[in-house]
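Here are my notes for your first reading of this model. Keep the structure open beside them and find each part as it comes up.

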Amino acid sequence: MQKINYITENFGKYDVFSIDSYMNIGGFQSLQKAIDMEGEDIAAVLSDAGIKGRGGAEYPMGRKWSQARAVKRPHHCVICNADEGETCTFKDRELITNDPFNLIEAMVIAGWAVNAEDGYIYMRAEYSHLRPRLINAIKQAKERGFLGKNILGTGWDYDVHLYSGAGAYVCGEGTALIRSIEGKAGRPRMKPPFMKQSGLFARPTCINNVESLSIVPHLLHDAVPYMQAGTKESIGTKMVSVGGNVNKPGVYEVPFGITVRDIVYGLAGGIQEDHKIRLIQFGGASGKISDDRILDISYSYEDFAKNNLIIGSGSILVIDERTSVIDFLRYTQDFFLHESCGQCTPCREGNRHIRIFLEKIKNGTYTDEDIQTMKTFARVMPMSSLCGLGETAQNALKSAFDVFPEVFASKTQTEAVG
Amino acid sequence: MIEDSSKFEITDELKSKIEKILDNHYHDFTQIVGILLDVQDEIPQHYIPKAAAFYIAEKLPLKLSVIYDCITFYDALNEEPRGRYPIEICDSVACKVNDNDFLLGSLKELLGIDFGTVTYDGRFTIEKVSCFGACDRAPAVRINKTVYGPLKTKEQVRKLLEQFV
Amino acid sequence: MEEKITLKINGMPVEVKKGTKILEAAKVLHIDIPHLCYHPDQRVKARCRICSVEVVGKKRLLAACATECWDGMEVFTDTKVVRDTQRGILQLIMADHEENCLTCPRNGNCVLQHLCSRFNVLRPNLTHVAESIPVKTTNPSLVHDPEKCVKCGRCIRVCKDVQGIEAIGFAGRSTGLKVTTPYEEEFNKTDCVLCGQCTVVCPVGALVEKDDTDRVLDAIFDPDKTVIVQTAPSVRVALGDAFGLPDGSIVTKKMVSALRMIGFDKVFDTNYGADLTITEEAGELIDRLKNNKTMPMTTSCCPAWVNFMEKHYPDKIAHLSTTKSPMAIFSAIAKTQYAKQENIASKNVFSVAIMPCIAKKYEAKRQELTQNGLFDTDAVITTRGLIKLIKYIGIDFNNLPESEFDNPMGESTGAGAIFGATGGVMEAALRTAYEWMTDKPMPTLEYTPVRGFEGIKEAQVEIGGHNLKIAVVHTLKNAALIMDKLRDGKCDYDFIEVMACPGGCVGGGGQPVTTTFAATKERIKALYTIDRSSKLRKSHENPYLKKLYAEFLEAPGSETAHKLLHTHYHAREKEFDFSK
């Protein structure tokens, strides 16, 4: 199995509280390069590398930056979304823990590329223990003139502010995130207006995930190893968070194209006590599920799409045979029932009733009509919810309809067979 | 017993601490979430007493309804007093499939409390929380911002709790 | 030229202005896309999702209330997935809704009830999950029944965007989401000033006024009581809404007939009280001007505005005119001079006020407005309450004969009528003050600078050597702007009129639930029509008023007048007072 350290190249190589230590390994040289480039050319580098948003939405990052630049309104800002809240997703935690200066450098490059005046890092409250290292990194970067007034003699002023989330998964959604920074409860709002036009404090806003940003300084430094990794359609590497019933849960950087088996049985050490796999969920709580037929599929956007799966945030949650499909779905539903912001009817009420139906299935007290009603709401809810949470909350359930149809079998049929 | 939050009285010392927090946030009402988190850190029971919410609303100034919305919306902000060492047990799938039920049972048994109650000395409460991003340490708990895990045996749980005695 | 675009809805082409939302475009085709959170006077919320429609080329349904039409757009409002969604959302709401429509105050004019009927929402295959939540009722005006709430947020928007109060807001999340006061306090402990705007926009029975119609009927059935009723100027131009008449229809005389049929012994007019208020207030203004007393003076006839001052600007209470409101002044006279004249014991006069307002219910319960332990005003019912009474009595309102108010307190001038519109009190007061200070009638009786729907109107009037600087303000959000200026010492007005509700009392919190800004504007026009067609247009010319002063009150501002027609205000107690 090929070992690759591209995004994670700096891990363990410098003192994360010392900018000197970071600069000794070449830190902020990519920023030096960037300010000699036009923003459009920086965006082009991202586009060439085919980077899709690593938070889960998979929006092409180069295009995002290019569009952000094109917005003619003043006072642009950049947001780093460090609110990773998808279950079994903890890759950004590792990036902030082990390479905080790289993230700050990326924030400055992003600011330069999209002409921003301010950068904001919105980090989930659960990572508050990482605040000191980011505060320190911002402070030291400012002392060295990488932030603040007239950065590197360019005449450009730019600051980075660190904001804390307060325990709300939905704040990973862009519009909820900005509301949280604006001092409100993080309930998403309608789009349009789109973030790039009118986002944080009604300013043009370009929002990126920690991992997406973290790639940028590396790409500007040396894109070759990245471009050589991966597949034709999924270039480079990805940070994956593997958890659940595996022997070695953790964050791994993998090249796209590696098989799921290599990740689960190789990197993550296989299943606890050699149990069989019941299901794997990819991309967090809002991701879809598969059974072990996925093991020999390559981990890439294209092959996943063919199998009705999504890479999303890069989480890989492995559930072994000790947990039933219906229990897994109940747990997932509990998560959304807790995390729905509650403002739109389909999501607030839909999650609740689907949870009730799942309970009935678990207890065997359901009727065929219940299954039909549940399927209707599992379809209606994503169609009509206000934001991405409601849209994706039933992804696991809907994929379970396809992968594990027997779980939802009609009672009359079951009885006939039984 | 958890103390009665309505009996909470705001001292001059707390007032000046809150003033300082407001100063640190430039009296900027858009930073209310950060302000509330900081104020909560100043209260030994890790919550925002009603009196403190009223005080912040008056001093910032900001409408109380916005503050109340934030306190009730965000999981990390609490309306009711908690133990000095609130034990947040992760209740997401990764921890559940790693038998966090056993962990929860051990905690309840060792501490003699359930959800919503506090140990006799005001030290511990147990709370279920959503995934806090420590699935590589499942099953895990988080106490005052530090993650502990994996906690698979009662002995591990006992050792953990002893740290706080 | 406005840019036009063409789209198709259910196959039918329609041309609309660029920027039009799908829901509004559908109205042009007479298609009513179901909606709950949408309100024409409010910013887009897109929260209830009942207006979800299918747009060709889009994977998901779009909210018709929030989505702007584009050229060539193709919308379908009637496909299976749209019906499943809209009906599904109704089922979801109903599963979390107190099912007691028959005993709900909004039975018959509830938007949710109407939609469920339209979508044939029969008992759905969903578990009923509604939890019982205590109803907030410990104030004289407002009832909040959270179990009926559909979380549309209309009330929150009006409280914040129109009034700037934010007494209610969202709290919690997911199924725990609530519309509530902070810490679920009773309204009297919160920033709420009981303006009642939330009760106008609430689509269901979650926020309603406290019903006093039964108390009124009890008095009517009581043989010992002489039940007199006064009706505010804004009621007669809004009441017709409920009976299918166009916005701003003037139904004064039918209303008088209806009130007699309901059983009121005497039907009087609040406009009489308004004339008296003007007379006293104009006198007070001149007194303050001449004797360098606290200026600027602000009006005090709007009870929500008075509540606002007492709660939010207690340090500025001295600016409020001490003259009682038309309702209070009317009742004070009714229980004294009128009772005496008719030879009825005060305690046997039951004084009912029909008001476009729910804060008046609170005003009526003020201890300052009692005499010898008796409330001056015994019951206040809103325009909505009157509609209920008319429906109960079973009258065909539109075909009622017309009749006139009783005298003496049914006589009024055009100045009394325009009280109901923003700027009306100012205009009426100017008519009288001008004449008293200069001994000449005001050259332009219809003083247009104070008319119109603008939030803050300013003008300067030259009166007898004084350059009187005036301001007319409606909605409390605008009022707060003025009061903040006053606090900062940057307010150089002499006289300020404030009405809490948009457009004045015609847009009041007790008006029919069909009230919108557009309807309010029509009602304002109607009040000006009433004024224009009045024989007498200056309050001090009211003949019965002249008689009242001559026989009972002596003169405006006299000791008797002061005792009976003036009041005082007090700062409200706070739950936490950090100044101590």
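**Notes on the chains and their contacts**

1. Three residues of chain B lose the most area to chain C: Lys50(B), Lys63(B) and Tyr68(B). Together they make up 33% of what the chain B side buries. Keep in mind throughout that this is a predicted model.

2. Four salt bridges are counted between the two chains. A salt bridge joins Glu58(B) to Lys574(C), with 3.9 Å between the closest N and O atoms. That pair falls under the definition, since the cut-off for a salt bridge is 4 Å. Eight residue pairs are in polar contact across this interface.

3. Turn next to chain A and chain B. Here 46 residues of chain A are in contact with 30 residues of chain B. About 2800 Å² is buried between the two chains. Carbon and sulfur atoms give 56% of this area.

4. Three salt bridges are found across the interface of chain A and chain B. Find Arg187(A) and Asp69(B): they form a salt bridge, and their closest N and O atoms are 2.7 Å apart.

5. What does chain A put into the side that touches chain B? Four elements each supply at least two residues: strand S3 (159-164), helix H8 (174-181), strand S9 (315-320) and helix H13 (325-339) of chain A. The largest share, seven residues, comes from H13(A). Sorted by class, this side of chain A holds 20 nonpolar, 17 polar and nine charged residues.

6. Now look inside chain A. In the contact between them, domain 1 of chain A gives 20 residues and domain 2 of chain A gives 24. The two domains bury about 1700 Å² between them, with 57% on carbon and sulfur atoms.

7. How many salt bridges are counted between domain 1 and domain 2 of chain A? The count is one. Look also at Glu211(A) and Lys238(A), whose side chains meet in a salt bridge at 2.7 Å, N to O. For polar contact, the count between domain 1 and domain 2 of chain A is 15 residue pairs.

8. Stay with the side of domain 1 of chain A that touches domain 2 of chain A. Helix H5 (91-98) and helix H10 (224-228) of chain A are the elements that give two or more residues to this side. H5(A) gives the most, with three residues. The classes on this side are seven nonpolar, five polar and eight charged residues.

9. An unreviewed UniProt entry lists residues 81-120 of chain C as "domain: 4Fe-4S His(Cys)3-ligated-type". Over residues 81-120, chain C is 57% helix and 0% strand. The end C-alpha atoms of that stretch are 16 Å apart.

10. One last pair in chain C. Over all chains, the structure holds 87 salt bridges. Arg260(C) and Asp406(C) meet through their side chains in a salt bridge of 3.0 Å, N to O. Arg260(C) sits in helix H7 (residues 252-262) of chain C, and Asp406(C) sits in the loop between helix H12 (383-393) and helix H13 (414-417) of chain C, so the pair ties together parts that are 146 residues apart in sequence.

Terms used:
Residues numbered from 1 in each chain as written. Chains lettered and ligands numbered in written order. Predicted model: local features only at pLDDT ≥ 70, side-chain atom pairs only at ≥ 80, totals over all residues. Heavy atoms only, no water. UniProt positions renumbered as here; feature names shortened; annotations may be inferred. Buried area = accessible area lost by both parts, 1.4 Å probe. Polar contact = N/O pair within 3.5 Å; in protein donor to acceptor, adjacent residues only side chain to side chain. Contact = heavy atoms within 4.5 Å. Nonpolar A, V, L, I, M, F, W, Y, C, P; charged D, E, K, R; others polar.
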